[in-house]
Amino acid sequence: MKTRHEGIYLVQTTDFFYPLVDDPYIQGKIAAANVLSDLYAMGVSHCDNVLMLLSLSLEMTKKQRHVVTPFLIRGFRDLCLEAGTTVNGGQTVLNPWTIVGGVASYVAKDGEFIEPTGAEEGDVLVLTKPLGTQPAVNAHQWLGTDGYDRVKDVITPEETIAAYKMAMHSMSRLNQTAAKLMHDFGAHGATDVTGFGLLGHAQNLAEAQLNKVDLVIHTLPVIAKTPAVNSKFNFKLVEGFSAETSGGLLIMLPKEKAQEFCDKIESIDGVPAWIVGKVVKGENNARLADDIKIAEVNTPQV
């Protein structure tokens, strides 16, 4: 957003959601990573200020709130510190449901951010985190309940816990390295992948392009065993529409630089990124390739 000062812009985002893991400290980290990712998707690798938004459930006892709240706040604060920023204010209220999120802001000059509009025919698409957080988290929530009966023939409890730990690690990890490298490798724009799923956000990105191009997804890197869970309860994972929380960046890069970009991320963060698609001449739409590949991956665990 332009400000009244020549050449100065405000890059700002807000986001919040309900808890989806049972560790309040990790949940706080996930919330911070999720808020910051919208800045990172613009190639902004620094944040000037973060506000925390927190509502505490009235269904929790006073003692439970006193135990959980410090962990939520500490996790949120610690990841902001890891990102090189600080939490300076916010709002805390009582509410029927626990909700956690925040507001992230950066004051930028020309050249410090990358508009998500510059895709060129021949570019490729890179994804910085695996898909499948929704089925991974849900399968874990079903453990020990009747709900687990629907998936117990396709995933073991041990595999369920491993997928859940991979999802927690992924969701609580910053996309900051990718944001920094977007400038170094000449990225033509990006989006973060969250509630609309990979294909939903790819469609929004395609519609924003100045050139007449389509985004074609040919590979879906997914957390191991989540396709099996999806086969029993359709989260639309293999259709590209499974909702993600604090997902990766989908970045449009020159083809000749994409693999080096992925290698660089892995060398810095210790986790892979994947070339998942390409930019072709078209009508500003996104779609899955007819020969879509589902690649199950094992990534670090919390």
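Modeller: The model is predicted: local features need pLDDT of at least 70, side-chain atom pairs count only at pLDDT 80 or more, and totals for chains, interfaces and linings use all residues. Residues are numbered from 1 along each chain as its sequence is written, and side-chain values use heavy atoms, with hydrogens and water left out.

Biologist: What makes residues 255–269 a helix, α8?

Modeller: Helices are DSSP runs of H or I with at least four residues, strands are runs of E with at least two, and both are numbered from the N terminus. α8 has 15 residues.

Biologist: Which residues of α8 are called buried?

Modeller: Buried means under 20% relative accessible area, exposed over 50% and partly exposed in between, with a 1.4 Å probe and protein chains only. In α8, Ala258, Phe261, Cys262 and Ile265 are buried.

Biologist: Why are the buried residues of α8 said to line one face?

Modeller: Seen down the axis, they fall within an arc of 100 degrees, so they line one face of the helix. The arc is that of the directions from the helix axis to the C-beta atoms. An α-helix has 3.6 residues a turn, so residues three or four places apart point the same way. Glu256, Glu260 and Ser267 are exposed on the face turned away from the buried side.

Biologist: What do the buried residues of α8 pack against?

Modeller: They pack against β5, α5, β8 and β9, where contact means heavy atoms within 4.5 Å.

Biologist: What makes β6 and β10 edge strands?

Modeller: Two strands pair if DSSP finds at least two bridges between them. The open sheet has the order β6-β8-β5-β9-β7-β10, and β6 and β10 each pair on one side only. Three bridges join β6 to β8, which run antiparallel; Ala190 stands opposite Ile251 in β8.

Biologist: Why does Lys236 count as partly exposed?

Modeller: Its relative accessibility is 45%, so Lys236 counts as partly exposed. Lys236 lies in the loop between α7 and β8. Not counting residues up to four places away in sequence, Lys236 touches Asn230, Phe241 and Ser242.

Technical notes. Expected span 1.5 Å × (residues − 1).
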